[in-house]
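Hi,

Here is the structure I promised to send over. Have a look, and my notes on its side chains follow below.

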Amino acid sequence: MIEGSQKNLDNSSRQDTVVLEKGSNLMAVLTGAGLERSVAFEAIEALRDVYNPRKLRAGQEFDLVYASEISGDTGDLLDTLRFQPDAETIVSVSRTDDGFSASTDKVELVNSPNATSGTIDQSLFMAAEKNGMPLSVLMEMIKLYSYDVDFQRDIQPGDSFEVMYDDMKNTKGDLVRHGDIVYASMNIRGTDYRLYSYTDSDGNQDFYNEKGESFRRALMRTPINGSRLSSGFGMRKHPILGYSRMHQGVDFAAPTGTPIFAAGNGTIERIGKAGGYGNYIRLRHNSTYETAYGHMSRFAKGLHTGSRVKQGDVIGYVGMSGTATGPHLHFEILKAAHQVNPISVKMPSGRTLTGKELDRFRNNSELLQKQYAELSIEGAKVASAD
Ligand SMILES: [Zn+2]
């Protein structure tokens with residue numbers, strides 16, 4: 001049971017590392033390491049205050065720190081049981097005057113900025129993969145741009161992207177997770193769409209374009225989990241997809257079950273079956289705008305006429321109910337009760353920074369832009385050195 005034993009040179013304590021093997025449990029691990037059953041039991045009981053031992057997985061390592069170096073019977077001298085159930089959490093069970101007590105700590109992380117760029121020739125997904133862009137970063141980028149970009153129709157070969165994000169590393173320098181985007185740019189059909197992360201003087205973080213306008217729009221242009229869109233982001237255009245007078249909406253081809261988002265804050269005006277639309281939801285956003293969603297496989301739980309929803313809430317899932325030849329979301333924007341072309345409708349933007357806040361934002365964006373340029377030069381050097 002004892003995988004490795006690290007004898008501490010400090011002769012006041014000794015440390016072992018033991019591993020949970022498949023089919024075993026923590027009690028067996030601890031008694032196998034030489035602990036008395038009653039001590040192991042007490043430690044596990046204390047652990048339950050902060051962590052459910054049933055969640056432990058085979059392969060989990062535990063550090064056992066003993067109070068003193070005594071050869072032979074150390075079973076009752078356990079000082080601390082420590083393990084990391086995930087890359088960011090440390091769980092410790094330590095001896096106190098009366099038994100054991102458990103606590104959790106966050107692993108100390110340092111951020112290390114990283115940059116990726118690429119040109120789209122087949123699909124955004126393939127370009128991201130080819131350039132080593134982590135999936136979590138790609139998904140965050142798609143979410144940011146879902147307000148402005150129709151991911152199934154707007155993106156074309158030759159379009160490109162740049163992104164800078166914070167990688168989170170532990171103090172040993174190991175990557176723990178990819179962090180948040182701090183700067184992104186998409187060049188779509190010759191136009192640059194740049195977004196900068198900015199924390200205002202009240203401490204609220206958000207993304208703004210270079211003019212200091214919030215990336216958020218009253219309505220999203222891609223009200224669906226964009227990372228699951230089929231046919232590679234607008235490359236192979238589905239013949240029946242797209243806006244036409246006959247059609248009065250846009251279709252997003254995506255696998256059945258793909259989450260559909262409320263395009264904006266609003267109230268459910270209609271939910272249920274609606275002829276060729278199949279499972280259908282219509283949301284009212286204000287006195288002028290409504291949006292409608294068709295062909296859903298099912299609705300999100302608990303929704304009914306009059307339910308209030310927030311932008312980005314999941315309201316249902318892609319399907320092919322009603323008249324549909326394949327799974328897709330049929331999406332309509334209605335202005336004064338008439339369908340309008342979602343592709344061309346100009347979405348009003350949210351907050352715009354002004355005055356001192358705008359100055360601060362501009363300084364911050366300049367720094368981000370500079371940092372990105374430096375990182376991409378470094379990246380190019382590394383690549384050419386290979
Ligand atoms: Zn449609």
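Arg-194 has a relative accessible area of 24%, so it is partly exposed; here buried means under 20% relative accessible area, exposed over 50%, and partly exposed in between (1.4 Å probe, protein chains only). Its side chain meets that of Asp-192 in a salt bridge, 3.7 Å from N to O, where a salt bridge is a side-chain nitrogen of Lys or Arg within 4 Å of a carboxyl oxygen of Asp or Glu. Asp-192 is partly exposed too, at 35% relative accessibility.

Before going on, please keep in mind that this is a predicted model: local features need pLDDT of at least 70, side-chain atom pairs count only at pLDDT 80 or more, and totals for chains, interfaces and linings use all residues. Residues are numbered from 1 along each chain as its sequence is written, and side-chain values use heavy atoms, with hydrogens and water left out.

The structure holds 13 salt bridges. One of them joins Glu-357 to Arg-360, with the closest N and O atoms 3.3 Å apart. Both residues lie in helix α5, three residues apart, or about one turn of the helix; helices (H or I, at least four residues) and strands (E, at least two) are DSSP runs, numbered from the N terminus. Glu-357 is buried at 15% relative accessibility, whereas Arg-360 is partly exposed at 41%. Elsewhere, shared partners join Glu-269, Arg-282, Arg-284 and Glu-290 into one salt-bridge network. Within it, Glu-290 and Arg-284 bring their closest N and O atoms to 3.3 Å; Glu-290 is buried at 4%, and Arg-284 is partly exposed at 29%.

Now to the rings. There are twelve aromatic pairs, counted when ring centres of Phe, Tyr and Trp (its six-membered ring) lie within 6.5 Å; planes under 30 degrees apart are stacked, over 60 edge-to-face, and the rest tilted. Tyr-147 and Phe-215 pair edge-to-face, 5.1 Å centre to centre with 80 degrees between the planes. That pair links distant parts of the chain, 68 residues apart: Tyr-147 is in the loop between α4 and β8, and Phe-215 in the loop between β11 and β12. Tyr-147 is buried at 7%, as is Phe-215 at 8%.

Tyr-208 and Phe-361 are also edge-to-face, at 5.7 Å and 65 degrees. Tyr-208 lies in strand β11 and Phe-361 in helix α5, so this pair ties together parts 153 residues apart in sequence.

Best wishes
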